[in-house]
Each structure stands twice: as C-alpha cells, then as structure tokens.
Amino acid sequence: MSSSSSSPFFISTETLCSILTHKTLIDHFQSNLPKASTFLQTPIRHHYSVSPSSSLLLMPSWSSSPSYLPYIGVKLVTHFPQNSALNLPGVQGSYVLFNSTNGQTLASMDSTELTLYRTSCVSGLASKYLARDDSEVLVMVGAGAMAPHLIRAHLSARPSLRRVLIWNRTVEKARTLAQKLRESGEFEEGLRIEGCEDLDEVVGFGDIVSCATNSEAPLVKGEKLKLGAHLDLVGSFKPSMMECDDEAIRRGTVFVDNEAALVEAGELVGAFERGVIGKDEIGGDLLQLIRGDKIGRTSLEQITVFKSVGSAVVDMLAAQLVYETYIRG
C-alpha cells in the first residue's frame, strides 16, 4: 500500500489486531522508547466535561525530529459511563496520525484497542526487568477487557509461566475468561488457566500479580505477597483509586512507567501522604530500566511493584508500529 495517497487510511480494529502481537510491541517499546522519549513533545492531556457525567479527552504528541519519527498523533477519547445501560462501551476513541513535515492526515485507528495493547505491553516490558526469571504463576486480578491482554503480554515477556489464576469480583466472569482463553488454542500445551473465588487465598501463589480494575478499595494485601513476587498495577489513574494496600507499597521496591504516576496513582499518592514511603524511595522509571540507569530486580527474594498510568509516548510508538506495518503490507 502506498503512503503517498492523499486519502488517509482507516485501519480497522480487526486489521490492527492482525498486525500487532504483544511480543512485537514489547520489543518495539524496548528498542525505541529511549530515543522516542527524547524527541516527542507530550503536553498535559486536555479534559473537558461535555455533560455532568460525560467527558472528552484529547492527548496530543508530536516529534521534534521528523527524520527519526515523522509524526503528529492525537488520541481522542470519550467517557460515557452511562453507556452500560445501552450495551455500549463506556470508553471509546480514535487515534489520528499526521505527517509532521507537511501536516497530511495519514491514518486513524481504534484507540481503545490500541490502548489495551500498549498498556499491557508496558507491563510486559516492565516484568522483563522486575519479575523473576523463573516465574511460574501469574495471578490476574480483574477479568475485564484489559485482562486477556495483560495475560498475553506477561506470557510473552516471561515464557516460564505455567499457570494463570484469574480472580474477579464476579466469579463467573473470571471462569468465563479462563474458559475462553483455554479454548482459544493460542497458548502452549501445559499452560493451566483457571478462574478462582478467593483472592486472599491465591495471591500468595503469584510470582507475578497483575491488577486491572477500577477499584477504590485495596484488593491486594501486601502481607499476602510471597517473597520474590512482582506486583503489576494498571487500573488506577486518579488519587481516589487503589488496587493494593500500603503494606504492598511498603514491602516492595516501587517502579513507575513515568513520573505522572507519582501524582495520579492512588496507591502512591496515598502512600506518600501517609508517610509509607517518600518520593525519593521510588526505584526508577521504565525508561531508566531500559537504559540501564537503574537496576530492577536485585535479589530472588525482593518484592517489586510496577505502577503505570500510561503516556502519549507509548501511544505514538504503538500507532507508529501499526501504521508502518500496514503500509508495508
């Protein structure tokens, strides 16, 4: 396909899913995040209330080095929480990519699916630095749209995993997801995937515990984490939300995807306010881990925590991979 056409491409969700794999996106982030972070401008996202319960979010970014990354990107997201009554997603959106040399619109794609891939692959990449090499059990907390992506990303990053335990407030939802993944035929024979009822009972089995919920009350109790565990926190994006208690933060060495997590993530904001840890005790961010400026896991018994809130940089890199793969096809 030629990218010189004046008509922008619409890359369907089905096409996006056929282009991306969690492994290729994790590798793309690992290879390109350090350089992209130097050249990409990412202002604070714009948030508008379009009605008392509905929002519009705009997340722009652009490259200051067209020879390296010739793009401007904008993620447009609507949040309509009442949509569940209409059997529609509460969050919907598009990612639009422009040429940063001449302003031409190049492509648009489903930002909801793009975000599921990029968020899970940031977690997968972090687990390459922070989880134990011999990790065998993944505990997945939450069974929503993000859960299967996180499971695939962690399995890509840590192929030693042999068992996946899925917990959800609605037990049936966890069992349904487990069955769907078992029947997909995409995983190696011998991988066990199960739904479970009692989080406190199973969290201690987790070499990796990955959380993707909207919880405003702690779900993972730090006292239950085994020595050597890696806790991956994805769900919270505002101070009122939290997926683990202070004890998990106190016991672990905490890393973040970027510094926005220090002011947006409820687990960290609360821990700072209560004096559980100080900001100077954060172990580092994902960029520092990739560059080798900070060391991730330093012992087999160390508990590590990774908190991500997302960024326009990884949005752009994910959209770049989709677009460039698409036009090569």
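## Helix α5 and its two sides

On one side of helix α5 in this predicted model, Lys180 and Glu183 are exposed, whereas Ala174, Leu177, Ala178 and Leu181 of α5 are buried. Seen down the axis of α5, the buried residues fall within an arc of 100°, so they line one face of the helix. An α-helix has 3.6 residues a turn, so residues three or four places apart point the same way. What covers the buried residues of α5 includes the helix α4 (146-157) together with the strands β9 (163-167) and β10 (192-196).

Just after α5 comes glycine 185, which takes a positive phi of about 75°.

## Helix α11 and the helices that cross it

Helix α11 (residues 312-328) has 17 residues, and from its first C-alpha to its last it reaches 24 Å, close to the 24 Å expected at 1.5 Å a residue. Of these 17 residues, 14 are buried, so α11 is largely enclosed by the rest of the structure.

One of the helices that meet α11 is α3 (residues 111-130), whose axis comes within 10 Å of the axis of α11 and crosses it at roughly 115°. The two helices α3 and α11 are therefore roughly perpendicular to each other, and α3 passes α11 in a right-handed crossing. On the α3 side, the contact is made by Leu114, Thr115, Arg118 and Val122, while α11 contributes Val314, Asp315, Ala318, Ala319 and Val322.

Helix α2 (residues 22-39) also meets α11, with axes that come within 10 Å and cross at roughly 125°. The helices α2 and α11 are therefore oblique to each other, and α2 passes α11 in a right-handed crossing. Their contact is made by Thr24, Leu25, His28, Phe29, Asn32, Leu33, Ala36 and Ser37 of α2, which face a set from α11 made up of Val313, Val314, Leu317, Ala318, Gln320 and Leu321.

## Two buried strand residues

Histidine 230 lies in strand β12 (residues 230-233), and because its relative accessibility is 0%, histidine 230 counts as buried. Leaving aside its neighbours within four places in sequence, histidine 230 is in contact with several residues, among them Ser127, Leu130, Asp207, Val209, Arg297 and Phe306.

Valine 209, which is one of those contacts, is found in strand β11 (residues 208-211) and is likewise buried, with a relative accessible area of 0%. Beyond its neighbours within four places in sequence, valine 209 is in contact with residues including Val139, Val141, Val220, Leu225, His230 and Asp232. For valine 209 and aspartate 232, which are 23 residues apart along the chain, the C-alpha atoms are separated by 6.0 Å.

## An exposed loop residue

Asparagine 87 is found in the loop between β5 (71-79) and β6 (91-99), and at 73% relative accessibility asparagine 87 counts as exposed. Its phi is near 60°, which is a positive value in a residue other than glycine.

Note on methods: Residues numbered from 1 in each chain as written. Predicted model: local features only at pLDDT ≥ 70, side-chain atom pairs only at ≥ 80, totals over all residues. Heavy atoms only, no water. Buried < 20%, exposed > 50% of the residue type's maximum accessible area, 1.4 Å probe, protein only. Helix = DSSP H or I, 4+ residues; strand = E, 2+ residues; numbered from the N terminus. Arc of directions from axis to C-beta. Contact = heavy atoms within 4.5 Å. Axes fitted to C-alpha atoms, helices over the stretch in contact; angles between N-to-C directions. Parallel < 35°, antiparallel > 145°, perpendicular 65-115°, else oblique. Left-handed = near helix turned anticlockwise from the far one by under 90°. Expected span 1.5 Å × (residues − 1).
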